[in-house]
Amino acid sequence: MWDVAVPCPDSTQSQTCDAARSQQATTRCSQIVNDAAFKPCHAAVDPNMFMEACKWDCCAQDSGECTCKSMEGVLTCLYGRRRQTDMAESRQMPNPVHNGKVFQECGSPCIKNCQNANTVCNDQSCVDGCFCPPGSVEDNNQCIPADQCPCSNNGQLYSNGEVMQKDCNNCTCEGGKWSCTNKKCEVTCSATGDPHYLTFDGSRFDFMGRCSYYLVYDKDFDIIVDNIDCGNGEATCTKSLSINIDGQNIKWTTITSLNFYSTQNVFKIQSRNKQLTHVLSSSFSSPYPKQAELSNGIKILWDGRTRAYVTVPPSFHGQTKGLCGTFDGNQKNDFLTPDGDVVVNERDFGNRWKTNANCENLPLQPQPNPCDIDPQRKQQAQDMCQKLQSDVFKSCHSLQDVQPWLEDCLYDMCSCTQNLKDCMCPMIGGYADSCAQLGAKVQWRLNITECMLECPGGQEYQVCGNPCERTCRNMAEGDICQASCVEGCNCPDGQTLNDDGQCIPTEDCPCVFDGRYYPPGYTTLKGRDICVCTKAQWTCSPLTIEKIPTHIEPLCPNNTVYSECISNCPKTCKSLDEESAACDETNCKSGCQCVEGFVLEGEQCIETSMCPCYYGGKAYHEGDIISMDCNQCKCRRRKWACEINDCPAVCSALGESHYTTFDGREYQFQGSCDYVLVEGLCGNFNGDQKDDFTTPQGGPAVVRSTAFGDSWKLHSYCTPSTDVTDTCESEPQRKPWAQEKCGIIKSAIFSACHLVEPYQKYLDHCIYDTCGCDMGGDCECLCTAIAAYAHVCASKGHAINWRSNELCPIQCDDCEIYNPCMSACPKKTCDNLLVYDQLMNECQNANGLCFEGCDLEPCPPGQVYASLKPPVTCIPEPLCETPSCTINGRVYREGERIYDDTVCNHACEICNCRRGVLEHISFGFCQTLVPTAKPTAAPTLAPGLSSGTTPSPTPTGTQITPVCYQGWTSWMSASAPTSASKGDIENMATLRQRYAFCQEEAMEAIECRVVGEPTSSVYSGQVTACNLQSGFTCYHSNQAQNQMCKDYEVRFYCNCELVTVGTSSIAPTVSPGVTPAFSGATPDKTGGVPGSSSPTTPGVSSSTVTGSVTLTCKKTGWTQWFNTHSLDSQGDIESLPDIRKKEDICPEEYTTQVECRRVGDMQPLTQTEDLQMVCNTKAGLACFNQPQGAKNYDHAYNNSVTSDTSAYSALHVHARMVGLDEH
């Protein structure tokens, strides 16, 4: 009996057949239905109903397979149980019949295809029909071998053997199954939007805390984000991102606009050390202007505000903590806290990772979604965020679920308080970034025009640019950089950015070696290799005779030499006096190092003896002078030699409540009364801060500033003061603005001052005052606080031009300019021209005191202010009208000598017109004949000038008789440079028209300097000559850039004991700058002083210049060094007359210069710090043991009119002399 489980319904047929085809179908179907194999069925089922179906099928298909397809229905209806029937042997059923399939009477109901080829079918029923043969499966209605099945992923088909990349692993399609490598890959944690976090293991959560939090925490490094309010409700933004690793720190602060990016030089903003490589990302216009890679492989990317990404290598698997989670592949423990417990509340988790315990915790219960609060804003948000679901991102929808990003976008847009596009674009960009990482590079900015980027410098926008090839420097230094996908502006293929931010062909990039740049094509030697600069890289090959180029450029600069292994601890001027510490030379590199005897000073190698002193981050050279409080310090052999004067103290009261006593104690006090300041709140000025809080009653000092301040109030009715409170706590809404504006104090603008005056207390005072200001006085409090720090900086030699049109501007009148350090000294005018030097000398006591304000524009060189009365003008100094003297009806010009016997006793004095009065210069006991003359009302022109003329250095008047006084003369200047003169010429003849000073034979030394300044002519920056032969000369024509000569003055050192005919005497001299003991005594006829010893020096005999050597002067130039005298009980004496007895050197009249130095270290005499030394063209050298410890010297002479610049390195003193050519 055949059981039929399900009746088979008739199908409606719509096909039609012609007579021939109908007959054919009838014949074929009858053969099947009437086949003996179906005879047992006829009793149970009427075969005619299937006969008609078979005919219709055959008629429609007109093919032999109609038989099998019709019979599938027949057998399904006939067999409710399994029955083995071999129809393959039937002549009517050919095998195979369709697309590789064969008919089976009892096949499995589980059809095998490429998707389920390896599944086990639990259905044991039997069906007949057409099946793929064993070993093959159905794929797209075709039978194919099972091992040739394709694979699919995210709707995309991959043929057998094709490889797909997933993170750092490769997956290969093998017979319809993916076979993937199992390497651990780097993973990325992100904080985007307000912010929304995605952990390393893929957990998503929102946390809007207002504090600093550990994004990643590790015992060796950490990454911290500082979040602040930035929107409605609980929305926050990242204010700064800090990276700390092995003591190194970099802190990135927010930028004010996502569409504005720094235009700094690409090369200058890169810094690297052993722990940190800090670079920009893809371009100036990149959404990620800040990118860093740590030495441990961690990479950080930040857009400056709302998108931060941290990528860690697989070596950190299972080691991370913080808001980025645990990176162990287990999302269930991502909320691990610092205490070791795993929480489930994301707010509790975030609160536990704050870096400041004083920050307020975010409530554990979230506030309502901002979109639920403002339905109108929600509709706007939906309109803008739906771009994520648009066809723009269609290629990514199957790779990255857009729904979480859509929800984050809606939240941020509903809480946004800024320009909506500034909130929308980062969120859309975040989704685009994730798509790009998965291989879907969406050109979304081209379709969402609100987020377009403008690319400067010839760059083009790229969705997935490579930051490793963005600059010439990247190429030149061969930076180790893992190629990554970073959106932004990049140069076209074959180009890269130069240091000006412009795209150039890579072949135009320079090479870099040891920090120096070399142009393309530069050919040089590196050791034994010849190297050529090509596309920012050195192409090197061994140097052979055949390959010697025609032109080789030097690789290393002056005073350096190439080395394959330069020291990691090179000697510098700053390290000369430090003890040599162990230096790690294991990782040395090739480079340029200083030659022997030279050390590094900045980027240059200089001789050790040329190393400067340092103060406040600046270098000062030998002889330079700085002021420290009221003391002057002079640079001597790389060390400061300072005066030890007691200095006046300063007491200050700044802002609302900031006091500093005379002794330097700082305190806060805020009272409402009148108080004694100088003898009270300023302390007792005894040098001890501990007792500054002494009250008017005396006794022990009080502790609290309130008790101290109240004790000095003038009125008893004033209420007691209270403790100063933090104004920013009272006005928290003002603190961010105060911190931002006061931040200029710690910025690079004031960096030059940070080393000489720490800024922290001034920054704290500024924030305090700005927070506490009344709403109408914000800028006044802010500007006053900043100006206080700027004033201190200026007083220490660092004038900072910090004001701008946007911050605390100062408006100056016409003809005035803002000056951050306006001198308190008077300006040089025609009115004070004659006394200006004296005024400036007196003004030196101000010790550089200056004030900011509006200053007069400076006069051009050689000109002075005609007057300070408006309108202020500048005129050439020689055109100034100066006071004159009227004596007995005759008008004398300034400086003119007066020969009137009725007012001047010529036997004992010299008389001049000086500053409008009669000047008497006495050289013995002298009685003044008449009182000082008074200046006339009518001024006259300067000496030697008539209207329209200029002064000439050529002497035309009577010269004053020489008078010798032991020691230095006063400073003298007889010529002033003008644009019409040749320069400044101070020769003997011109000077003697105005001044009385010693004879030439008594002169041992000359000094020349800028008028009224301590600047020697040697350090004036101009080409000058200063010697005893010609005095001083400075010519305009010798100066650089058409400069005029400055106004100079000279003085001579006179040794009156040398004014002796026929002998050469040696006498101790007084050190420069020390006033001689002789004062006011009248010289006797021999040139000595009454009551003084003989002209010779004790212990040194006079020498008459006689001997067997005939003195000639055959050659102009320096002699060799002489050392004829050995050190004895008296000292070291190198007598020039004695040397002339033995050596053929120039006679005395031709000798014009002498140099002395110490043997051994070759220090010049001026740097030996020995006392009462003699080194002159008359006597030679003398160093006596009595004033100092014995030393041994030698000397040499030179018959040249040019200075010798050879190095000094001996222990005796040498003397060199300069002579004239023999006539």
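Predicted model: local features only at pLDDT ≥ 70, side-chain atom pairs only at ≥ 80, totals over all residues.
Figure 1. Once its neighbours within four places in sequence are set aside, Asp-218 is in contact with Phe-316 and Gln-319. Asp-218 itself sits in the loop that runs between strand S13 (212-217) and strand S14 (221-229). Although Asp-218 is buried, it has no salt bridge, and the nearest side chain of opposite charge, that of Lys-219, is 5.3 Å away. A polar atom of the Asp-218 side chain does, however, lie 2.9 Å from the backbone nitrogen of Asp-220.

**Figure 2. The largest nonpolar core, with Leu-241 as one of its members.** This core holds 37 residues, and those that touch the most other members are Phe-200, Ile-223, Leu-241, Ile-298, Ile-300 and Val-310. Two or more residues are given to the core by each of strand S10 (187-192), S13, S14, strand S15 (236-245), strand S16 (248-253), strand S19 (290-294), strand S20 (299-302) and strand S21 (307-312). Leaving out neighbours within four places in sequence, the residues in contact with Leu-241 are Ile-223, Ile-224, Val-225, Ile-250, Lys-251, Trp-252, Ile-300, Trp-302 and Ala-308. Another core, of 32 residues, lies apart from this one, and Leu-388, Met-424, Ile-428 and Cys-451 are among its residues. In soluble globular proteins, nonpolar side chains tend to be buried together.

**Figure 3. The disulfide between Cys-651 and Cys-682.** The structure has a count of 38 disulfides, and in this one the two sulfur atoms are 1.9 Å apart. The link of Cys-651 and Cys-682 is left-handed, with -85° about the S-S bond. It links distant parts of the chain, 31 residues apart, since Cys-651 is in the loop between strand S39 (639-642) and strand S40 (652-654), while Cys-682 is in the loop between helix H13 (677-681) and helix H14 (705-711). Cys-682 counts as buried, because its relative accessibility is 2%.

**Figure 4. The disulfide between Cys-673 and Cys-718.** Here the distance from S to S is 2.0 Å, and the torsion about the S-S bond is about 70°, so the disulfide of Cys-673 and Cys-718 is right-handed. The pair links distant parts of the chain, with Cys-673 in the loop between strand S42 (666-668) and H13, and Cys-718 in the loop between H14 and helix H15 (727-730), 45 residues apart. Cys-673 has a relative accessible area of 19% and is therefore buried, and Cys-718, with a relative accessible area of 9%, is buried as well.

**Figure 5. The disulfide between Cys-904 and Cys-911.** The sulfur atoms of Cys-904 and Cys-911 are 2.1 Å apart. The torsion about their S-S bond is about 95°, so this disulfide is right-handed. Both Cys-904 and Cys-911 are buried.

**Figure 6. The salt bridge between Asp-408 and Arg-204.** A search of the whole structure finds 20 salt bridges, and in this one the closest N and O atoms are 3.7 Å apart. Because Asp-408 lies in helix H9 (residues 403-415) and Arg-204 in strand S12 (residues 204-206), the pair ties together parts that are 204 residues apart in sequence. Asp-408 counts as buried at 9% relative accessibility, whereas Arg-204, with a relative accessible area of 35%, is partly exposed.

**Figure 7. The salt bridge between Lys-827 and Asp-855.** The side chains of Lys-827 and Asp-855 meet at 2.9 Å, N to O. They link distant parts of the chain, 28 residues apart, with Lys-827 in the loop between strand S43 (816-823) and helix H20 (836-843) and Asp-855 in strand S44 (residues 850-856). Lys-827 counts as partly exposed at 27% relative accessibility, whereas Asp-855 has a relative accessible area of 8% and is buried.

**Figure 8. The salt bridge between Arg-1051 and Glu-1007.** The closest N and O atoms of Arg-1051 and Glu-1007 are 3.0 Å apart. Arg-1051 lies in strand S56 (residues 1048-1054) and Glu-1007 in strand S53 (residues 1003-1010), so the pair ties together parts that are 44 residues apart in sequence. At 13% relative accessibility Arg-1051 counts as buried, while Glu-1007 counts as partly exposed at 25%. Elsewhere, salt bridges that share partners join Asp-339, Asp-341, Asp-348 and Arg-352 into one network.

Terms used. Residues numbered from 1 in each chain as written. Heavy atoms only, no water. Helix = DSSP H or I, 4+ residues; strand = E, 2+ residues; numbered from the N terminus. Buried < 20%, exposed > 50% of the residue type's maximum accessible area, 1.4 Å probe, protein only. Lys, Arg positive; Asp, Glu negative; His and termini not counted. Salt bridge = Lys/Arg side-chain N within 4 Å of Asp/Glu carboxyl O. Polar contact = N/O pair within 3.5 Å; in protein donor to acceptor, adjacent residues only side chain to side chain. Contact = heavy atoms within 4.5 Å. Core = buried A, V, L, I, M, F, W, Y, C linked by side-chain atoms within 4.5 Å. Disulfide = S-S within 2.5 Å.
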